[in-house]
Amino acid sequence: MLERVFGLSVHGTDLRTEVTAGVTTFLAMAYILFVNPVILKDAGMDQGAVFVATAIAAAAGSVAMGLYANYPIALAPGMGINAYFAYGVVQGMGHSWEVALGAVFLSGLAFLFLSLVRVREWIVDSIPRSLKMAIAGGIGLLLAIIALQNAGIVVAHPATMVTVGKLTAPPAIIAALTFVAIVALDYRRVPGALVVGIVGATAVAMALGLAPFRGVFDLPPSIAPTLLRMDLAGALDLGLTTVVFAFLFVALFDTAGTLIGVAWRGGMLDAAGRLPRLRQALVADSAAIMAGAALGTSTTTAYIESAAGMKAGGRTGLTACVTGLLFVASLVLAPIVLSVPAFATAPALLFVACMMAGSLGEIDWGDATEYAPALVTAVAMPFTFSIAHGIGFGFLTYAGIKLLAGRGREVSAMVWLLAGLFVVKFAVT
């Protein structure tokens, strides 16, 4: 049955590899289970209910992506967009979290429509190859800074924005040694090198008292406080048009960027740089956004941490399904899931970042009109901490440079349109 549904042999993989990859992806992104509830709690939402909603939304989205699109890409409520939800829409603009959930649902509905009529697919396919390679590399750089932050190797600084952390701190040392071990194990072709590294780092952390063992099983909280509490009528107010547009825009390009970046890493793009079965992937993503809003969480999106599972050998939707099932299991296994510290997964993310940065070598470095906007795209992602902003800066510089260089005809109509829309987005948000 698995062969028939996922085509394991066709994709050069097997059950053991896919399961290992699914576990790897889950471990790399399990942090969302305790980070998302903390952020949305600041919007006035019940933390326990959001925990359950996060797990179920991630499970449903990942399984939908696996079964419908057959891609090893997991979904979960997105970081960054959840902060905009809590601190921008609710605290900043004064809207209730119920209305904000309604806006998320409407953005998902718009996503679904655009996906079914192939507009989203057209948008993704219209991205120039140089920018696609820059997106993959930029995501790698974003992963790198996330990993270094989680390890405590990079910290905030009031004057320079970032600076080096305390390198003699145990978490930084464990993360650094684990990174070296993961790279060495991968070079020696040891199966599940990333999982070995994450589990090993967690075990050391527990032995040193840096990560308390929270137990194994516990009953999940009630989801009733957030289930179907979205206010669609309130979200239809004209004053929320900008909010719905912002959710739509950010999620669209976060997802597009992640799909392109992770697919490139797995060698899934065709000769023209397009992603097969893109429509199915986008429909699955759109449905996950609406399901997440109904459950009680902010926008669900494809996760760049899926690249960790792909590095572990994941090549089919079975990887995503395994990840999804583990999110379901996390409802009763929450204590053991929360026992994995962020610095234990940081080495795996940093290794994935190293691999994804290789896409920058695919850019035409002999043509300034190609490499300049590509580099802007790549470096903007970690510096703004946003995939969507990086893509936006890339479109604007690509169109502007091509126009002033007398090569405006090389810019497609869709790129011009999207560049204009990014101007509007940056002006109103």
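Me: Hi! What share of the contacts in the chain with a separation of 6 or more comes from residues 24 or more positions apart?

Reply: Such residues account for 81% of them, a contact being heavy atoms within 4.5 Å. This is a predicted model, where local features need pLDDT of at least 70 and side-chain atom pairs pLDDT 80 or more, while totals for chains, interfaces and linings use all residues. Residues are numbered from 1 along each chain as its sequence is written, and side-chain values use heavy atoms, leaving out hydrogens and water.

Me: What makes Met-29 count as buried or exposed?

Reply: Its relative accessibility is 0%, so Met-29 counts as buried; the cut-off is under 20% relative accessible area, with exposed over 50% and partly exposed in between (1.4 Å probe, protein chains only). Of the 429 residues, 55% are buried too. Beyond neighbours within four places in sequence, Met-29 contacts residues including Ala-74, Tyr-303 and Phe-327. The C-alpha atoms of Met-29 and Ala-344 are 12 Å apart, though 315 residues separate them along the chain.
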